Amino acid sequence: MSMAVIGMIAGMALGFAGYFGGFGAFLLVAALGAIGFVVGRFLEGDLDPGDFFRARGTRDDRRR
């Protein structure tokens, strides 16, 4: 399935949630969609858990 079709399905789901459930349902569907996206990237191997927890640099790496 192409990314355009997936984006269209996500947009339709958000639209239905916003129309029938109000703004709170819209936010809930958007948040769960984002969580599902991140979990999917983990399962595909595109993301590593260390990407979120790795330090950006040490004190020695700073420019003076």
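**Note on a kinked helix and its aromatic residues**

1. Helix α1 spans only 15 Å between its end C-alpha atoms, whereas a straight helix of 42 residues would span 62 Å at 1.5 Å a residue. A kink of about 145° in α1, centred on G21, is found in the coordinates. Both values come from a predicted model and should be read as such.

2. The overall content of the chain is as follows. The secondary structure comes to 2 helices and 0 strands. Of the 64 residues, 2% count as buried. The accessible surface of the chain comes to about 5,800 Å², and carbon and sulfur atoms account for 66% of that surface.

3. Helix α1 covers residues 3-44. The residue that follows α1 is G45, whose phi is positive, near 90°.

4. F16 and F26 are 10 residues apart along the chain, and their C-alpha atoms are separated by 8.2 Å. F26 itself lies in helix α1.

5. How many aromatic pairs does a search of the whole structure find? The search gives 3 such pairs. One of them joins Y19 and F20 in an edge-to-face arrangement, with 4.9 Å from centre to centre and 85° between the planes. Y19 and F20 are both exposed. A stacked pair is formed by F23 and F26, with 6.0 Å centre to centre and 20° between the planes.

6. The spacing of F23 and F26 along the helix deserves a remark. The two residues are 3 apart in helix α1, so about one helical turn separates F23 from F26. In an α-helix there are 3.6 residues a turn, so residues three or four places apart point the same way. The two partners fall into separate accessibility classes: F23 is exposed, with a relative accessible area of 61%, while F26 counts as partly exposed at 30% relative accessibility. The cut-off for the exposed class is over 50% relative accessible area, so the 61% of F23 places F23 in that class.

7. F16, Y19 and F20 form one aromatic cluster. These residues also belong to a nonpolar surface patch of about 1,200 Å², to which M1, M3, V5, I6, M8, I9 and M12 contribute as well.

8. Another two members of the patch, Y19 and F20, are both exposed.

Note on methods:
Residues numbered from 1 in each chain as written. Predicted model: local features only at pLDDT ≥ 70, side-chain atom pairs only at ≥ 80, totals over all residues. Heavy atoms only, no water. Phe/Tyr/Trp six-rings, centres within 6.5 Å; stacked < 30°, edge-to-face > 60°. Buried < 20%, exposed > 50% of the residue type's maximum accessible area, 1.4 Å probe, protein only. Helix = DSSP H or I, 4+ residues; strand = E, 2+ residues; numbered from the N terminus. Patch = residues over 30% accessible without salt bridge, like charges linked within 9 Å, V, L, I, M, F, W, Y side chains within 5 Å. Areas by Shrake-Rupley, 256 points an atom, 1.4 Å probe, with all protein chains shown as cover. Salt bridge = Lys/Arg side-chain N within 4 Å of Asp/Glu carboxyl O. Expected span 1.5 Å × (residues − 1). Bend = angle between axes of the 7 residues up to and from the residue.
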